[in-house]
Amino acid sequence: MLWLALATLLEVTPANIPQGQVAQVKAPSAAESIRFNGRVLPLFSNSDGSKYGLVPVPALEPPGKKTIEVLNGAREVVERGILDVRDARFRTQNVTLGKAQTGLKPAPGEMETVAALRKTISPVRYWSEPFVVPTPGCLTSPYGVLRMHNGKPTGSYHSGVDQRGAEGVPIRAISEGVVRIVKKFNVHGDTVGIDHGQGVTSIYLHMSKFEASEGLQVKKGDIIGYVGTTGRSTAPHLHWGLNVHGIPVNPLQWMNLTECAPKPAAPKRKVKKKS
Ligand SMILES: [Zn+2]
């Protein structure tokens, strides 16, 4: 019978993910939203009448089996699913900052503007998979590492990724979207933020030069600026972040990025060749 078929239509893909990743859900057409982690998240319409949504798992979410509740228009639970969150085993990383960096204070409105972009959920979906890599450099610092500043724990984790890049290397939009932030900030440096629609946003920091303006509609791969070292940064690199429904998530789920080779160890003493 049809209602039986509908009642079992909730799909959670993948059903088992590490901290910092995103599950996609597919739900019956009568579903309006889902509840996860105490938050109500929107669902959007597929072309076949079913609904889909994104469920971001925060980096610091305790591992375990979590319930996803499907809600109707009256916010009644019509169905439940399980998302199994596993430990991502994030590493710890120390960052050495000089006085010039630790003394930086955010510009007026800087933190609020960045937080507002992260929470943006516009109804139109611009984004499409696969996402493109914004700059070719290898990964110098992955998402999720627990950060220490000058040997002291900060209590926070790396909410984006750092990619190697010389000053002036182009930075590209990871997907289609509308540019919402083009600002010279104190801590984030010269920053571009893009709304990819339906709760997906990306942000690019420490730029040396902009190639975008607020309100501009961009295509996947369009150049939006150039690598630099403005703001709280010790050398030219690209820090960028991906957010889903306000939660910073791991871009590695959406694209391939290779970690840079570890720094070579101190040279060993020469060993005489055996004759
Ligand atoms: Zn970074």
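How far apart do the C-alpha centres of domain 1 and domain 2 lie? They lie 28 Å apart. This is a predicted model, where local features need pLDDT of at least 70, side-chain atom pairs count only at pLDDT 80 or more, and totals for chains, interfaces and linings use all residues. Residues are numbered from 1 along each chain as its sequence is written.

Domains to begin with. Domain 1 covers 2-86 and domain 2 covers 92-253, with bounds that come from an automatic or database domain assignment. Eleven residues from domain 1 and 13 residues from domain 2 make up the contact; two residues are in contact if their C-beta atoms, placed from the backbone, lie within 7 Å.

Now two loop residues. Ser 50 sits in the loop between β6 (44-45) and β7 (51-56); strands are DSSP runs of E, at least two residues, numbered from the N terminus. Is Ser 50 buried or partly exposed? Ser 50 counts as partly exposed because it has 16 C-beta neighbours inside 10 Å. The cut-offs are 20 or more other C-beta atoms within 10 Å for buried, 12 or fewer for exposed, and partly exposed in between, with C-beta atoms placed from the backbone. Beyond four places in sequence, Ser 50 touches Leu 9, Lys 26, Ala 27, Pro 28 and Ser 29.

Val 227 is in the loop between β21 (223-226) and β22 (237-244). Val 227 counts as buried, because 24 C-beta neighbours fall inside 10 Å. Its C-alpha is separated by 5.0 Å from that of Glu 167, 60 residues apart along the chain. Setting aside neighbours within four places, the contacts of Val 227 include Thr 135, Gly 165, Met 207 and His 237.

Terms used:
Helix = DSSP H or I, 4+ residues; strand = E, 2+ residues; numbered from the N terminus.
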